[in-house]
Amino acid sequence: MEEKEYLSWLSSYTEAEECVRTQGGLPYYLRVNLLKAGVGEYLSWTKLGLEETFLPYAFRVGEVPEGGLGNTIDYASGWMHTQSLSSMLPPAVLSPVSGETILDICAAPGSKTTQCAALMGNSGVIVANDSNRGRISALSSNLERLGVINACTMNQDGVRFTSKHRFDRILVDAPCSGLGSNENAHKWWDEKYSRNISALQTGILKNAFAHLKEGGVLVYSTCTYAKEENEVPVSRLLETHEDSRLEQVRVVLGEGEGGAGAEGKGVTATRSGGGEVKAGVPIPNSQPGLSEFGNEFRKVARVYPHEFGSEGFFVAKIRRT
Amino acid sequence: MQAEKFSSYLLERFGIVLPADVELVGENSLRVMNKGLKGFATSTPKGIPASRMKGKFPKPTTAFVQVFGKLANKNVISVGEEDAMRYLAGEEFETGAGDVETGYVIVQHEGAVLGIGFYKEGRVENMLPKGRRIRKKN
Ligand SMILES: C[S@@+](CC[C@H](N)C(=O)[O-])C[C@H]1O[C@@H](n2cnc3c(N)ncnc32)[C@H](O)[C@@H]1O
(Lines give C-alpha, C1' and ligand atoms only; values in the text may rest on other atoms or scores of the structure.)
Protein backbone atom coordinates (compact mmCIF):
# COMPACT_ATOMS: atom_id res chain seq x y z
CA MET A 1 0.00 0.00 0.00
CA GLU A 2 1.23 3.50 -0.84
CA GLU A 3 2.43 5.55 2.13
CA LYS A 4 -0.34 8.13 1.65
CA GLU A 5 -3.08 5.55 1.58
CA TYR A 6 -1.54 3.78 4.59
CA LEU A 7 -1.42 6.99 6.59
CA SER A 8 -5.06 7.64 5.84
CA TRP A 9 -5.98 4.09 6.94
CA LEU A 10 -3.85 4.34 10.09
CA SER A 11 -5.38 7.69 11.02
CA SER A 12 -8.62 5.90 11.89
CA TYR A 13 -6.60 4.31 14.75
CA THR A 14 -4.13 6.94 15.90
CA GLU A 15 -2.09 10.03 14.95
CA ALA A 16 -0.74 8.29 11.87
CA GLU A 17 2.16 10.56 10.87
CA GLU A 18 3.52 10.78 14.37
CA CYS A 19 3.18 7.03 14.76
CA VAL A 20 5.03 6.22 11.51
CA ARG A 21 7.76 8.81 12.16
CA THR A 22 8.48 7.42 15.63
CA GLN A 23 8.43 3.84 14.45
CA GLY A 24 11.36 4.53 12.14
CA GLY A 25 13.73 5.43 15.00
CA LEU A 26 12.81 3.42 18.05
CA PRO A 27 15.36 2.81 20.81
CA TYR A 28 16.80 -0.60 21.66
CA TYR A 29 15.73 -2.38 24.81
CA LEU A 30 17.13 -5.34 26.69
CA ARG A 31 15.80 -7.74 29.24
CA VAL A 32 17.98 -8.94 32.11
CA ASN A 33 17.97 -12.74 32.02
CA LEU A 34 16.83 -13.43 35.56
CA LEU A 35 17.81 -17.08 35.13
CA LYS A 36 21.46 -16.03 35.24
CA ALA A 37 21.63 -12.70 37.06
CA GLY A 38 19.53 -10.55 39.36
CA VAL A 39 18.67 -7.04 38.20
CA GLY A 40 20.93 -5.36 40.79
CA GLU A 41 23.73 -7.79 40.04
CA TYR A 42 23.46 -7.10 36.31
CA LEU A 43 23.33 -3.33 36.72
CA SER A 44 26.45 -3.20 38.86
CA TRP A 45 28.25 -5.45 36.38
CA THR A 46 27.37 -4.21 32.88
CA LYS A 47 29.32 -1.53 31.04
CA LEU A 48 26.29 -0.57 28.94
CA GLY A 49 24.58 2.75 29.57
CA LEU A 50 21.00 1.85 30.50
CA GLU A 51 17.83 3.69 31.40
CA GLU A 52 15.04 2.25 33.53
CA THR A 53 11.61 1.39 32.18
CA PHE A 54 8.42 0.62 34.09
CA LEU A 55 9.31 -3.09 33.95
CA PRO A 56 11.95 -3.75 36.64
CA TYR A 57 13.94 -6.16 34.48
CA ALA A 58 13.75 -4.17 31.21
CA PHE A 59 16.10 -1.36 30.20
CA ARG A 60 16.43 1.09 27.37
CA VAL A 61 19.90 1.04 25.84
CA GLY A 62 21.37 4.54 25.82
CA GLU A 63 24.13 4.05 23.29
CA VAL A 64 24.57 0.86 21.32
CA PRO A 65 28.26 -0.20 21.40
CA GLU A 66 30.24 -0.14 18.16
CA GLY A 67 30.08 -3.87 17.39
CA GLY A 68 26.38 -4.06 18.24
CA LEU A 69 24.70 -5.53 21.32
CA GLY A 70 25.31 -9.09 20.05
CA ASN A 71 29.06 -8.60 20.43
CA THR A 72 29.05 -7.83 24.12
CA ILE A 73 30.00 -9.96 27.14
CA ASP A 74 26.44 -9.32 28.30
CA TYR A 75 24.99 -11.13 25.31
CA ALA A 76 27.59 -13.90 25.07
CA SER A 77 27.15 -14.83 28.72
CA GLY A 78 23.38 -14.91 28.29
CA TRP A 79 22.95 -12.34 31.04
CA MET A 80 20.68 -10.31 28.79
CA HIS A 81 18.44 -10.66 25.78
CA THR A 82 17.70 -7.86 23.33
CA GLN A 83 13.94 -7.54 23.01
CA SER A 84 11.62 -4.62 22.37
CA LEU A 85 9.79 -3.31 25.41
CA SER A 86 6.46 -3.95 23.68
CA SER A 87 7.37 -7.56 23.03
CA MET A 88 7.91 -8.00 26.79
CA LEU A 89 4.31 -6.99 27.50
CA PRO A 90 2.45 -10.23 26.66
CA PRO A 91 4.50 -12.43 29.08
CA ALA A 92 4.34 -9.68 31.72
CA VAL A 93 0.53 -9.70 31.39
CA LEU A 94 0.40 -13.51 31.32
CA SER A 95 2.63 -13.50 34.42
CA PRO A 96 3.36 -17.21 34.75
CA VAL A 97 4.70 -18.32 38.13
CA SER A 98 6.90 -21.18 39.36
CA GLY A 99 5.51 -24.64 38.90
CA GLU A 100 2.79 -23.83 36.38
CA THR A 101 2.20 -25.48 33.00
CA ILE A 102 2.34 -23.01 30.12
CA LEU A 103 1.62 -23.29 26.42
CA ASP A 104 3.28 -20.80 24.07
CA ILE A 105 1.56 -21.80 20.85
CA CYS A 106 3.43 -19.51 18.38
CA ALA A 107 6.75 -19.46 20.16
CA ALA A 108 9.66 -19.06 17.72
CA PRO A 109 12.24 -17.57 18.03
CA GLY A 110 11.44 -17.63 21.73
CA SER A 111 11.80 -14.11 23.13
CA LYS A 112 8.58 -14.55 25.05
CA THR A 113 9.18 -18.22 25.91
CA THR A 114 12.50 -17.32 27.53
CA GLN A 115 10.89 -14.40 29.37
CA CYS A 116 8.22 -16.75 30.73
CA ALA A 117 10.94 -19.19 31.83
CA ALA A 118 12.68 -16.37 33.69
CA LEU A 119 9.45 -15.38 35.44
CA MET A 120 9.00 -19.04 36.44
CA GLY A 121 12.57 -19.41 37.71
CA ASN A 122 13.08 -22.35 35.32
CA SER A 123 10.51 -24.46 37.17
CA GLY A 124 7.22 -25.89 35.93
CA VAL A 125 6.80 -26.56 32.22
CA ILE A 126 6.59 -24.50 29.04
CA VAL A 127 5.45 -26.20 25.86
CA ALA A 128 6.87 -23.99 23.11
CA ASN A 129 5.14 -24.72 19.82
CA ASP A 130 5.66 -23.30 16.35
CA SER A 131 4.47 -24.56 12.98
CA ASN A 132 7.67 -23.47 11.26
CA ARG A 133 10.34 -26.13 11.71
CA GLY A 134 13.14 -23.83 10.56
CA ARG A 135 12.29 -21.27 13.23
CA ILE A 136 12.38 -23.96 15.93
CA SER A 137 16.16 -24.13 15.62
CA ALA A 138 16.34 -20.40 16.40
CA LEU A 139 14.07 -21.10 19.36
CA SER A 140 16.33 -23.93 20.57
CA SER A 141 19.45 -21.80 20.35
CA ASN A 142 17.79 -19.05 22.40
CA LEU A 143 16.75 -21.61 25.02
CA GLU A 144 20.37 -22.76 25.13
CA ARG A 145 21.99 -19.32 25.28
CA LEU A 146 19.60 -18.10 27.95
CA GLY A 147 19.78 -21.32 29.99
CA VAL A 148 16.11 -22.35 29.84
CA ILE A 149 15.69 -25.90 31.15
CA ASN A 150 11.92 -26.05 31.72
CA ALA A 151 10.81 -25.92 28.07
CA CYS A 152 10.12 -28.52 25.41
CA THR A 153 9.34 -27.74 21.79
CA MET A 154 6.49 -28.87 19.55
CA ASN A 155 6.19 -28.46 15.81
CA GLN A 156 2.44 -28.40 15.12
CA ASP A 157 0.01 -26.17 13.30
CA GLY A 158 -1.59 -24.09 16.07
CA VAL A 159 -5.04 -24.61 14.56
CA ARG A 160 -4.74 -28.38 14.98
CA PHE A 161 -2.36 -28.51 17.95
CA THR A 162 -3.24 -31.34 20.32
CA SER A 163 -1.89 -32.30 23.70
CA LYS A 164 -3.15 -34.53 26.48
CA HIS A 165 -2.22 -31.75 28.90
CA ARG A 166 -4.32 -28.77 29.98
CA PHE A 167 -2.51 -25.53 30.71
CA ASP A 168 -2.62 -22.95 33.52
CA ARG A 169 -1.67 -20.15 31.13
CA ILE A 170 -1.46 -19.89 27.37
CA LEU A 171 0.22 -17.33 25.17
CA VAL A 172 -1.04 -16.84 21.61
CA ASP A 173 1.49 -14.45 20.06
CA ALA A 174 -0.13 -14.82 16.68
CA PRO A 175 1.46 -14.52 13.24
CA CYS A 176 0.35 -11.15 11.89
CA SER A 177 0.98 -8.43 9.31
CA GLY A 178 3.63 -6.85 11.55
CA LEU A 179 2.63 -3.25 10.87
CA GLY A 180 3.67 -2.31 14.41
CA SER A 181 7.10 -3.93 14.33
CA ASN A 182 8.26 -3.53 10.75
CA GLU A 183 8.28 -0.01 9.41
CA ASN A 184 8.20 -1.31 5.83
CA ALA A 185 5.43 -3.87 6.28
CA HIS A 186 2.74 -1.57 4.85
CA LYS A 187 4.52 -1.60 1.48
CA TRP A 188 3.30 -5.12 0.70
CA TRP A 189 0.29 -5.08 3.01
CA ASP A 190 -3.36 -4.38 2.21
CA GLU A 191 -6.57 -4.77 4.20
CA LYS A 192 -7.32 -7.99 2.39
CA TYR A 193 -4.17 -9.51 3.92
CA SER A 194 -5.51 -8.76 7.40
CA ARG A 195 -8.97 -10.11 6.57
CA ASN A 196 -7.38 -13.33 5.30
CA ILE A 197 -4.99 -13.94 8.20
CA SER A 198 -7.82 -13.18 10.64
CA ALA A 199 -9.25 -16.67 10.08
CA LEU A 200 -5.91 -18.32 10.92
CA GLN A 201 -5.52 -16.17 14.05
CA THR A 202 -9.06 -17.02 15.16
CA GLY A 203 -8.41 -20.71 14.52
CA ILE A 204 -5.22 -20.72 16.60
CA LEU A 205 -6.88 -18.70 19.37
CA LYS A 206 -9.94 -20.99 19.61
CA ASN A 207 -7.84 -24.15 19.59
CA ALA A 208 -5.47 -22.73 22.21
CA PHE A 209 -8.44 -21.80 24.40
CA ALA A 210 -9.64 -25.42 24.25
CA HIS A 211 -6.38 -26.42 25.98
CA LEU A 212 -6.81 -23.95 28.85
CA LYS A 213 -7.71 -25.20 32.33
CA GLU A 214 -10.84 -23.88 33.96
CA GLY A 215 -9.86 -20.63 35.69
CA GLY A 216 -6.77 -20.37 33.47
CA VAL A 217 -5.56 -17.27 31.64
CA LEU A 218 -4.86 -16.80 27.93
CA VAL A 219 -3.06 -13.79 26.46
CA TYR A 220 -3.60 -13.00 22.79
CA SER A 221 -1.12 -10.60 21.20
CA THR A 222 0.03 -9.29 17.83
CA CYS A 223 2.44 -6.61 16.64
CA THR A 224 -0.03 -4.96 14.29
CA TYR A 225 -2.76 -2.34 14.27
CA ALA A 226 -5.51 -3.84 12.07
CA LYS A 227 -8.69 -4.66 13.99
CA GLU A 228 -9.26 -7.72 11.77
CA GLU A 229 -6.16 -9.24 13.43
CA ASN A 230 -6.86 -7.97 16.95
CA GLU A 231 -10.36 -7.24 18.24
CA VAL A 232 -11.97 -9.46 15.58
CA PRO A 233 -10.36 -12.82 16.52
CA VAL A 234 -10.88 -12.06 20.21
CA SER A 235 -14.55 -11.15 19.75
CA ARG A 236 -15.10 -14.33 17.69
CA LEU A 237 -13.80 -16.37 20.61
CA LEU A 238 -15.96 -14.49 23.10
CA GLU A 239 -19.07 -14.94 20.92
CA THR A 240 -18.64 -18.68 20.54
CA HIS A 241 -17.29 -19.58 24.01
CA GLU A 242 -19.55 -18.74 26.93
CA ASP A 243 -16.81 -19.69 29.35
CA SER A 244 -14.44 -16.99 28.03
CA ARG A 245 -14.30 -13.44 29.29
CA LEU A 246 -12.01 -10.48 28.90
CA GLU A 247 -10.06 -9.19 31.87
CA GLN A 248 -8.33 -5.85 32.25
CA VAL A 249 -4.80 -6.01 30.83
CA ARG A 250 -2.35 -5.31 33.63
CA VAL A 251 1.35 -5.92 33.95
CA VAL A 252 2.60 -7.88 36.94
CA LEU A 253 5.95 -6.42 37.84
CA GLY A 254 7.38 -9.41 39.68
CA GLU A 255 9.00 -9.19 43.04
CA GLY A 256 12.50 -9.42 44.34
CA GLU A 257 15.36 -10.59 42.30
CA GLY A 258 17.76 -13.42 42.45
CA GLY A 259 20.31 -15.50 40.68
CA ALA A 260 17.75 -17.91 39.34
CA GLY A 261 18.37 -21.21 37.63
CA ALA A 262 21.08 -22.96 39.51
CA GLU A 263 19.86 -21.75 42.87
CA GLY A 264 16.28 -22.14 41.76
CA LYS A 265 15.47 -18.64 43.00
CA GLY A 266 13.90 -17.13 39.93
CA VAL A 267 11.99 -13.90 40.06
CA THR A 268 8.43 -15.00 40.17
CA ALA A 269 5.25 -13.02 39.97
CA THR A 270 3.73 -12.28 43.33
CA ARG A 271 0.79 -14.25 44.53
CA SER A 272 -1.47 -12.88 47.17
CA GLY A 273 -3.97 -14.60 49.45
CA GLY A 274 -5.88 -17.35 47.69
CA GLY A 275 -3.21 -18.07 45.09
CA GLU A 276 -4.38 -15.32 42.76
CA VAL A 277 -1.76 -13.19 41.04
CA LYS A 278 -1.63 -9.62 42.34
CA ALA A 279 -3.34 -6.99 40.27
CA GLY A 280 -0.25 -5.34 38.76
CA VAL A 281 -0.23 -2.00 36.95
CA PRO A 282 -1.84 -0.82 33.71
CA ILE A 283 0.44 -0.57 30.67
CA PRO A 284 1.58 3.06 30.73
CA ASN A 285 0.72 5.24 27.71
CA SER A 286 -1.45 2.61 26.06
CA GLN A 287 -4.94 2.87 24.58
CA PRO A 288 -8.02 0.73 25.14
CA GLY A 289 -9.44 -1.43 22.35
CA LEU A 290 -11.75 -0.03 19.69
CA SER A 291 -15.10 1.10 21.07
CA GLU A 292 -17.03 -0.30 18.09
CA PHE A 293 -16.45 -3.75 19.63
CA GLY A 294 -18.25 -2.75 22.81
CA ASN A 295 -17.37 -1.65 26.30
CA GLU A 296 -15.70 -4.92 27.17
CA PHE A 297 -12.89 -4.07 24.78
CA ARG A 298 -11.82 -1.19 27.01
CA LYS A 299 -10.00 -3.96 28.87
CA VAL A 300 -7.57 -4.76 26.06
CA ALA A 301 -4.49 -2.66 25.28
CA ARG A 302 -3.33 -1.05 22.07
CA VAL A 303 0.23 0.18 22.15
CA TYR A 304 1.48 2.77 19.64
CA PRO A 305 5.17 3.66 19.11
CA HIS A 306 4.76 7.44 19.49
CA GLU A 307 2.99 7.04 22.84
CA PHE A 308 4.79 4.04 24.31
CA GLY A 309 8.28 4.45 22.83
CA SER A 310 8.49 0.92 21.44
CA GLU A 311 6.83 -1.20 18.73
CA GLY A 312 3.10 -1.21 18.03
CA PHE A 313 1.35 -4.08 19.85
CA PHE A 314 -2.06 -5.41 20.80
CA VAL A 315 -2.60 -7.37 24.02
CA ALA A 316 -5.79 -9.02 25.31
CA LYS A 317 -6.20 -11.09 28.45
CA ILE A 318 -8.89 -13.76 28.47
CA ARG A 319 -9.96 -15.96 31.36
CA ARG A 320 -11.69 -19.30 31.13
CA THR A 321 -14.43 -19.26 33.75
CA MET B 1 24.99 -44.51 34.00
CA GLN B 2 26.69 -41.61 32.22
CA ALA B 3 24.50 -39.26 34.23
CA GLU B 4 25.82 -40.69 37.49
CA LYS B 5 29.40 -40.52 36.25
CA PHE B 6 28.95 -36.94 35.15
CA SER B 7 27.37 -35.97 38.48
CA SER B 8 30.35 -37.42 40.37
CA TYR B 9 32.72 -35.67 38.00
CA LEU B 10 30.94 -32.34 38.57
CA LEU B 11 31.25 -32.79 42.31
CA GLU B 12 34.84 -33.94 42.26
CA ARG B 13 36.18 -31.43 39.74
CA PHE B 14 34.08 -28.34 40.48
CA GLY B 15 32.27 -29.03 43.74
CA ILE B 16 28.95 -28.69 41.89
CA VAL B 17 25.86 -30.40 43.31
CA LEU B 18 22.87 -30.07 40.98
CA PRO B 19 19.56 -28.87 42.46
CA ALA B 20 17.03 -31.60 43.26
CA ASP B 21 14.51 -30.49 40.62
CA VAL B 22 16.84 -30.98 37.66
CA GLU B 23 17.77 -34.19 35.90
CA LEU B 24 20.51 -35.31 33.54
CA VAL B 25 19.21 -37.38 30.63
CA GLY B 26 20.76 -39.20 27.68
CA GLU B 27 23.55 -41.63 27.02
CA ASN B 28 26.85 -40.33 25.69
CA SER B 29 25.78 -36.73 25.27
CA LEU B 30 23.81 -35.66 28.30
CA ARG B 31 21.18 -32.94 28.55
CA VAL B 32 19.92 -31.19 31.63
CA MET B 33 16.24 -30.44 32.16
CA ASN B 34 13.72 -29.63 34.82
CA LYS B 35 12.07 -32.83 36.11
CA GLY B 36 8.66 -31.30 35.44
CA LEU B 37 9.18 -32.00 31.71
CA LYS B 38 8.81 -35.77 32.21
CA GLY B 39 5.66 -36.96 30.50
CA PHE B 40 5.57 -34.11 27.99
CA ALA B 41 5.97 -34.85 24.29
CA THR B 42 8.61 -32.91 22.39
CA SER B 43 9.84 -32.41 18.83
CA THR B 44 13.45 -31.67 19.79
CA PRO B 45 15.43 -33.07 22.75
CA LYS B 46 14.28 -31.57 26.05
CA GLY B 47 16.34 -29.16 28.12
CA ILE B 48 19.80 -27.96 27.08
CA PRO B 49 23.07 -29.83 26.38
CA ALA B 50 25.01 -30.67 29.53
CA SER B 51 28.01 -32.73 28.42
CA ARG B 52 29.72 -34.41 25.49
CA MET B 53 32.28 -37.19 25.64
CA LYS B 54 35.75 -36.07 24.66
CA GLY B 55 37.85 -39.21 24.65
CA LYS B 56 37.28 -40.86 28.02
CA PHE B 57 36.10 -37.73 29.77
CA PRO B 58 32.80 -35.89 29.72
CA LYS B 59 33.21 -32.23 28.74
CA PRO B 60 30.62 -29.94 30.30
CA THR B 61 29.01 -27.69 27.68
CA THR B 62 29.04 -23.90 27.56
CA ALA B 63 25.26 -23.81 27.96
CA PHE B 64 25.51 -26.00 31.06
CA VAL B 65 28.25 -24.10 32.86
CA GLN B 66 26.61 -20.76 32.06
CA VAL B 67 23.67 -21.91 34.19
CA PHE B 68 25.26 -24.16 36.81
CA GLY B 69 28.86 -22.88 36.83
CA LYS B 70 27.89 -20.43 39.55
CA LEU B 71 27.70 -23.36 41.93
CA ALA B 72 31.36 -24.27 41.40
CA ASN B 73 33.88 -23.71 44.18
CA LYS B 74 37.05 -24.98 42.50
CA ASN B 75 38.76 -25.06 39.13
CA VAL B 76 37.25 -21.72 38.24
CA ILE B 77 39.39 -19.13 36.47
CA SER B 78 38.44 -15.51 36.91
CA VAL B 79 39.45 -13.22 34.09
CA GLY B 80 39.51 -9.46 33.63
CA GLU B 81 37.73 -7.74 30.76
CA GLU B 82 40.59 -8.09 28.30
CA ASP B 83 40.96 -11.85 28.74
CA ALA B 84 37.18 -12.19 28.82
CA MET B 85 36.98 -10.62 25.37
CA ARG B 86 39.84 -12.81 24.12
CA TYR B 87 38.12 -15.90 25.47
CA LEU B 88 34.79 -14.92 23.89
CA ALA B 89 36.56 -14.31 20.58
CA GLY B 90 37.80 -17.92 20.68
CA GLU B 91 41.43 -17.24 21.63
CA GLU B 92 43.68 -18.99 24.14
CA PHE B 93 45.05 -17.06 27.06
CA GLU B 94 47.62 -17.41 29.78
CA THR B 95 46.81 -17.36 33.42
CA GLY B 96 48.90 -17.03 36.55
CA ALA B 97 49.37 -20.15 38.65
CA GLY B 98 46.41 -20.44 40.96
CA ASP B 99 45.03 -23.49 42.66
CA VAL B 100 43.81 -24.87 39.35
CA GLU B 101 44.48 -28.44 38.30
CA THR B 102 45.07 -29.63 34.75
CA GLY B 103 41.75 -30.35 33.03
CA TYR B 104 38.51 -28.54 32.32
CA VAL B 105 38.01 -25.19 33.99
CA ILE B 106 35.10 -22.78 34.23
CA VAL B 107 35.96 -19.33 32.91
CA GLN B 108 34.18 -16.45 34.58
CA HIS B 109 34.31 -12.67 34.47
CA GLU B 110 33.18 -10.76 37.55
CA GLY B 111 30.55 -13.32 38.44
CA ALA B 112 29.33 -14.03 34.91
CA VAL B 113 30.24 -17.52 33.73
CA LEU B 114 31.47 -17.29 30.14
CA GLY B 115 32.17 -20.94 29.40
CA ILE B 116 34.60 -23.79 29.62
CA GLY B 117 38.30 -24.10 28.84
CA PHE B 118 41.06 -26.67 29.21
CA TYR B 119 43.82 -25.65 31.62
CA LYS B 120 47.35 -26.95 31.21
CA GLU B 121 50.65 -25.44 32.32
CA GLY B 122 49.44 -21.91 32.70
CA ARG B 123 47.45 -21.77 29.47
CA VAL B 124 43.72 -22.00 28.94
CA GLU B 125 42.71 -23.67 25.71
CA ASN B 126 39.50 -22.25 24.34
CA MET B 127 36.47 -24.57 24.26
CA LEU B 128 33.84 -22.00 23.30
CA PRO B 129 31.82 -23.27 20.30
CA LYS B 130 32.23 -21.18 17.14
CA GLY B 131 28.56 -20.23 17.13
CA ARG B 132 28.92 -18.59 20.56
CA ARG B 133 31.96 -16.47 19.76
CA ILE B 134 31.93 -12.72 19.39
CA ARG B 135 33.93 -10.35 17.23
CA LYS B 136 36.71 -8.71 19.21
CA LYS B 137 37.31 -4.97 18.97
CA ASN B 138 40.76 -4.16 17.61
C1 LIG C 1 4.93 -13.15 16.06
S2 LIG C 1 5.81 -14.59 15.71
C3 LIG C 1 6.12 -15.24 17.32
C4 LIG C 1 7.23 -14.54 18.08
C5 LIG C 1 7.57 -15.26 19.37
N6 LIG C 1 6.40 -15.41 20.21
C7 LIG C 1 8.65 -14.54 20.14
O8 LIG C 1 8.35 -13.83 21.10
O9 LIG C 1 9.84 -14.72 19.84
C10 LIG C 1 4.59 -15.68 15.14
C11 LIG C 1 5.04 -17.11 14.98
O12 LIG C 1 3.90 -17.88 14.60
C13 LIG C 1 4.34 -18.94 13.80
N14 LIG C 1 3.16 -19.47 13.08
C15 LIG C 1 2.65 -19.07 11.87
N16 LIG C 1 1.57 -19.81 11.58
C17 LIG C 1 1.39 -20.67 12.60
C18 LIG C 1 0.45 -21.70 12.89
N19 LIG C 1 -0.53 -21.99 12.04
N20 LIG C 1 0.59 -22.40 14.03
C21 LIG C 1 1.59 -22.13 14.89
N22 LIG C 1 2.49 -21.19 14.67
C23 LIG C 1 2.41 -20.45 13.56
C24 LIG C 1 5.41 -18.33 12.94
O25 LIG C 1 6.29 -19.33 12.45
C26 LIG C 1 6.08 -17.36 13.89
O27 LIG C 1 7.22 -17.95 14.46
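The legends below describe close-up views of a predicted model.

Local features are given only where pLDDT is at least 70 and side-chain atom pairs only at pLDDT 80 or more, while totals for chains, interfaces and linings use all residues. Residues are numbered from 1 along each chain as its sequence is written, chains are lettered from A and ligands numbered from 1 in the order in which they are written, and side-chain values use heavy atoms, leaving out hydrogens and water.

**View 1. The shell around the ligand.** The ligand is surrounded by 20 residues, where a residue counts as near if one of its heavy atoms lies within 4 Å. The closest are Asp130(A), Arg135(A), Asp157(A), Gly158(A) and Asp173(A). By type, the shell holds nine nonpolar, six polar and five charged residues; Asp, Glu, Lys and Arg count as charged, Ala, Val, Leu, Ile, Met, Phe, Trp, Tyr, Cys and Pro as nonpolar, and the others, Gly among them, as polar. Helix H6 (111-119) and helix H8 (191-210) of chain A each give the shell at least two residues (helices are DSSP runs of H or I with at least four residues, and strands are runs of E with at least two, numbered from the N terminus).

**View 2. Polar contacts of the ligand.** A polar contact with the ligand is a pair of N or O atoms within 3.5 Å. In the side chain of Arg135(A), an N or O atom is 2.6 Å from an oxygen atom of the ligand. A nitrogen atom of the ligand lies 2.9 Å from a polar side-chain atom of Asp157(A). Gly158(A) takes part through a polar backbone atom, 2.7 Å from a nitrogen atom of the ligand. Taken alone, the ligand exposes 600 Å², of which the protein buries 86% (Shrake-Rupley method, 1.4 Å probe).

**View 3. The open sheet of chain B.** Five strands lie in the order S5-S7-S8-S9-S6, with mixed pairing; two strands pair if DSSP finds at least two bridges between them. Strand S5 (76-78) and strand S6 (93-94) of chain B are the edges, each pairing on one side only. S6(B) joins strand S9 (residues 123-126) of chain B through two antiparallel bridges, and Glu94(B) has Arg123(B) as its bridge partner.

**View 4. Strands S2, S3 and S4 of chain B.** Strand S2 (residues 30-34) and strand S3 (residues 48-54) run antiparallel, joined by three bridges. Leu30(B) is partnered by Ser51(B) in S3(B). Ser51(B) also has Pro60(B) as bridge partner in S4(B). Four bridges link S3(B) to strand S4 (residues 57-60), again antiparallel. Two residues separate the strands of this hairpin, where Gly55(B) has a positive phi near 65°.

Conventions. Polar contact = N/O pair within 3.5 Å; in protein donor to acceptor, adjacent residues only side chain to side chain.
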